[in-house]
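Good morning, and thank you for coming.

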Amino acid sequence: MTQHPASRKSDRSPLQLNLTSMIDVVFLMLVYFVLTAAFTDAEGVITANMPNGPEHPQPLPKIEQPIRVTVSARGEAGYYLAIDKLPTTPMSFADLTHMLQGLRDSDRNGFFTADNLVIIDSDRSVRWQHTLNAYNAALGAGYSNIAFAQTP
């Protein structure tokens, strides 16, 4: 019996690609492009030459407007304290002293000087002792120019 050539099984193995040489070529191309690439500055970056300031910068100018401390009566013997343009209010005369020191201290970025005018504005109904305590708090905070507001 003779077998027909088409019905014979082939002794050939299935076709396979040799990828080794292709991978070598890809790596060579990768190395070539990395070595020959020209890297440019990043887009959107603007270089600026800032002017040089003086070696010893000038301190910030101190504010020349007065500090107004308001003393109001609360009930028969109580009081209410406020410092103009500050969001927090002192609860006692010791707090008033610390807050006024904070406005003056250069360590805490204070803008007022020791000779800045402090005006104590008291209601007519407030006890004289509370007005005097506000005066002593300003004096204890290191201010030397303290005045009382004139009532109309």
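Let me begin with a term: two residues are in contact when they have heavy atoms within 4.5 Å. Helices (H or I, at least four residues) and strands (E, at least two) are DSSP runs, numbered from the N terminus.

Please note that this is a predicted model, in which local features need pLDDT of at least 70 and side-chain atom pairs count only at pLDDT 80 or more, while totals for chains, interfaces and linings use all residues. Residues are numbered from 1 along each chain as its sequence is written, and side-chain values use heavy atoms, with hydrogens and water left out.

Now to the overall plan. The protein has three helices and four strands, arranged along the sequence as α-β-β-α-β-α-β. Of its 152 residues, 19% are buried, where buried means under 20% relative accessible area, exposed over 50%, and partly exposed in between (1.4 Å probe, protein chains only).

Let us turn to helix α2. This helix covers residues 93-104, 12 residues in total, and spans 17 Å from its first C-alpha to its last, close to the 16 Å expected; the expected span is 1.5 Å times one less than the number of residues. Its buried residues are Phe93, Leu96, Thr97, Leu100 and Leu103. Viewed down the axis of α2, they fall within an arc of 125 degrees, so they line one face of the helix; the arc is taken from the directions from the helix axis to the C-beta atoms. What do the buried residues of α2 pack against? Their partners are β1 (67-74), β2 (78-83) and α3 (128-140).

The next topic is the nonpolar core, a set of buried Ala, Val, Leu, Ile, Met, Phe, Trp, Tyr and Cys residues joined through side-chain atoms within 4.5 Å. The largest such core holds 19 residues, and among those touching the most other members are Ile67, Leu96 and Leu100. Helix α2 gives the most to this core, with four residues. Leaving aside neighbours within four places in sequence, Ile67 has contacts including Ile83, Leu100, Leu103 and Tyr143.

Finally, the charged pair. A salt bridge is a side-chain nitrogen of Lys or Arg within 4 Å of a carboxyl oxygen of Asp or Glu. The whole structure contains one: Asp121 with Arg68, whose closest N and O atoms are 3.6 Å apart. Asp121 lies in strand β3 and Arg68 in strand β1, so the pair ties together parts 53 residues apart in sequence. Asp121 is partly exposed at 24% relative accessibility, and Arg68 is partly exposed at 30%.
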